[in-house]
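User: I have a chain open and want to go through its geometry. Can you take my questions in turn?

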Amino acid sequence: MRRDRRWWIYAALYLMVVVGIWLRVEHVFSHNPMDHIWSDPQRHWEQGTEALRRDPMTLTDPVMYQIYIGVLGKLTLGEPLLVAFFTALLACLTPWIWYRFARELMPDHLQATAVWAGISLLPSWIAIYGYFMQETLLLPLLGAALYASWRCRRKQTVASFLLMVVLWALAGLTRGIAIPLAAVVTTWLWLVQPQKVAKAGYSLVVLGLLMGPLAYRSYAAMHMISPHGIGQLVALYARSGKREIHVHYVREDGAQWTYWFGSPSTGEQPLAPLSDWTTSRDGHVQAHIQIENAREDWASAMARYPLTLERYLALARENLIYLFFGSSWPDNNHERLLESVSHHSRWVWAPLALVLLLGTVYCWRRLKGARLFAVVLGTWVLVQGLLPIAVNEGRYRKPAEGLLLVQALLVAGALRRRASAKSGRQWINQSELVPAQRQPQTAQLLREAGDSRRQRETDDASA
């Protein structure tokens, strides 16, 4: 077997994958999620393992992660060793799912393998699996939805379209940020593909079967039709500009619940040690909600904080800073190597996003089939960064870290193709200067180079 430069690159990438698998398994077994049942992880564990809970906070969170925790709890009975086993399995599966997506997205097998290797070693995508957090399920589901989307783009069948719709729905039921991404991808593919009536009709039936029971569930418990969870609490907190939110629920049978919440972002200095800047949020916002009159009470609470242009710009500025520079919580224990590396690597993402924006614009014509992916990434920045839907935290950045890594490889590939095309044109121009008796030999060399390149691309596609 001939060991050329390409062989050695593959060897290095697969070694990175193996190291990534080892790091993920070692981290989960060393820092078992069962050892960190407090705050948000405790809420997620209790909501999932106590299946019949119907308190307002259980209905506030999306249901998919609760289902995952419920299944995990039933399979393991809470035994730490079994919890670590299944969690490590999910942690190792996540980069492979993104690799399968990259195989659909990218023309070169080597690029897809680089995605697998890069995500396998991404510190923030390893450290989070030491905790019960929604991102641990969102990351593989997002990769699966993207895979199904580009598979649908290739196959263009009704079945592939429905698989894409189902996976995007599951991702959206895990974290709401997947919903606008799903809207962009599914609408784009529906518009450019045949069988529009069949795809739209069957998709509505599938979504009705998924969302209908959840809509009734939320109405029965909270008198609001909200299959993705009651998002008004987070929306009010974000728009209020306050440091904390206090919510008091009352039900007509006399049951009462009181919750207070403050984002971990408000207690940190995201730009330290360069700056001691911190949030301008202060005080707390209160909401008193009669469950039987919930929608009107939430609307009244929202009306107290009109979103003027001045307030919007201030909130958006803070949100962008915390999104791109904030430390991810709870996986920011500096005494653990991977969590410390993840914390310090936060400085990478904002410059990378800016460079990729310029690179994407520059290479737009050569991105071709990857243009939709660039739009997905742009949609994430717009929704998560610029819309006042939540008080941003560093952990909300995690999906984009994978998206940015993929886009970086896409732009690098486009630049390489551009350079190769330019080099090829120069070679052809120089061949025109060769004496007439040597021109047939030059033409033969050009044909052989083209045949070799096409054969390599065929090999990569079939690998």
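User: What should I know about the source before I start?
Analyst: This is a predicted model, in which local features need pLDDT of at least 70, side-chain atom pairs count only at pLDDT 80 or more, and totals for chains, interfaces and linings use all residues. Residues are numbered from 1 along each chain as its sequence is written, and side-chain values use heavy atoms, with hydrogens and water left out.

User: What is the mean pLDDT of the chain?
Analyst: The mean is 92, and 91% of the residues reach 70 or more. pLDDT is the predictor's confidence in each residue, from 0 to 100.

User: Where does pLDDT stay under 50?
Analyst: Residues 434-439 stay under 50, and the model gives them 4 contacts beyond four places in sequence. Residues 452-463 are also below 50, with 9 contacts beyond near neighbours in sequence. Contact means heavy atoms within 4.5 Å. Where pLDDT is low, the predicted coordinates should not be read in detail.

User: Now the sheet. In what order do the strands come?
Analyst: The order is β2-β1-β3, in an open sheet of 3 strands with mixed pairing. β2 and β3 are at the edges with a single partner strand each, so one side of each has no neighbour in the sheet. On average, neighbouring strands are turned by 10° against each other, direction ignored. Helices (H or I, at least four residues) and strands (E, at least two) are DSSP runs, numbered from the N terminus.

User: Which strands run antiparallel?
Analyst: β1 and β2 (residues 256-261) do, joined by 6 bridges. Two strands pair if DSSP finds at least two bridges between them. Bridge partners here include I245 with F261 in β2, and V250 stands opposite Q256. The two strands form a hairpin with 5 residues between them, and G254 in the turn has a positive phi of about 100°.

User: And how many bridges are there between β1 and β3?
Analyst: There are 7, with β1 (residues 244-250) and β3 pairing in the parallel sense. E244 stands opposite H284 in β3.

User: Which residues of β3 are on the covered face?
Analyst: V285, A287 and I289 are on the covered face, while H284, Q286, H288 and Q290 make up the uncovered one. In a regular strand the side chains alternate between the two faces of the sheet.

User: Which helix packs on the sheet?
Analyst: Helix α13 (residues 294-303) does, touching β1 and β3, and its direction makes about 160° with that of β3. Axes are lines fitted to C-alpha atoms, for helices over the stretch in contact, and angles run from 0 to 180 degrees between N-to-C directions.

User: Switching to α8. How many of its residues are buried?
Analyst: 16 of the 21 are buried, so α8 is largely enclosed by the rest of the structure. Buried means under 20% relative accessible area, exposed over 50%, partly exposed in between (1.4 Å probe, protein chains only). α8 covers residues 135-155 and reaches 30 Å from its first C-alpha to its last, close to the 30 Å expected at 1.5 Å a residue. That expected span is 1.5 Å times one less than the number of residues. Q156 follows α8 and has a positive phi, near 60°.

User: At what angle do α8 and α10 pack?
Analyst: The angle is about 10°, and the axes of α8 and α10 (residues 178-192) are 10 Å apart. The two helices are therefore roughly parallel. L142, S149, C152 and R153 of α8 make the contact with L181, V185 and L189 of α10.

User: What about T113, buried or exposed?
Analyst: T113 is buried, at 0% relative accessibility. T113 is part of helix α6 (residues 109-120) and touches Y10, L13, Y14 and Y99, leaving aside residues up to four places away in sequence.

User: Which peptide bonds are cis?
Analyst: The bond from A272 to P273 is cis, with omega near 5°, and P273 lies in the loop between β2 and β3. The bond from W329 to P330 is cis too, with omega near 15°; P330 is in the loop between α14 (309-325) and α15 (337-344).

User: Last one: what is the phi of Q195, and of K368?
Analyst: Q195 has a positive phi near 60° and is not a glycine; Q195 is partly exposed, with a relative accessible area of 45%. For K368, also not a glycine, phi is positive at about 45°, and K368 is exposed, at 62%.

How values were computed
Angles under 35 degrees count as roughly parallel, over 145 as roughly antiparallel, 65 to 115 as roughly perpendicular and the rest as oblique.
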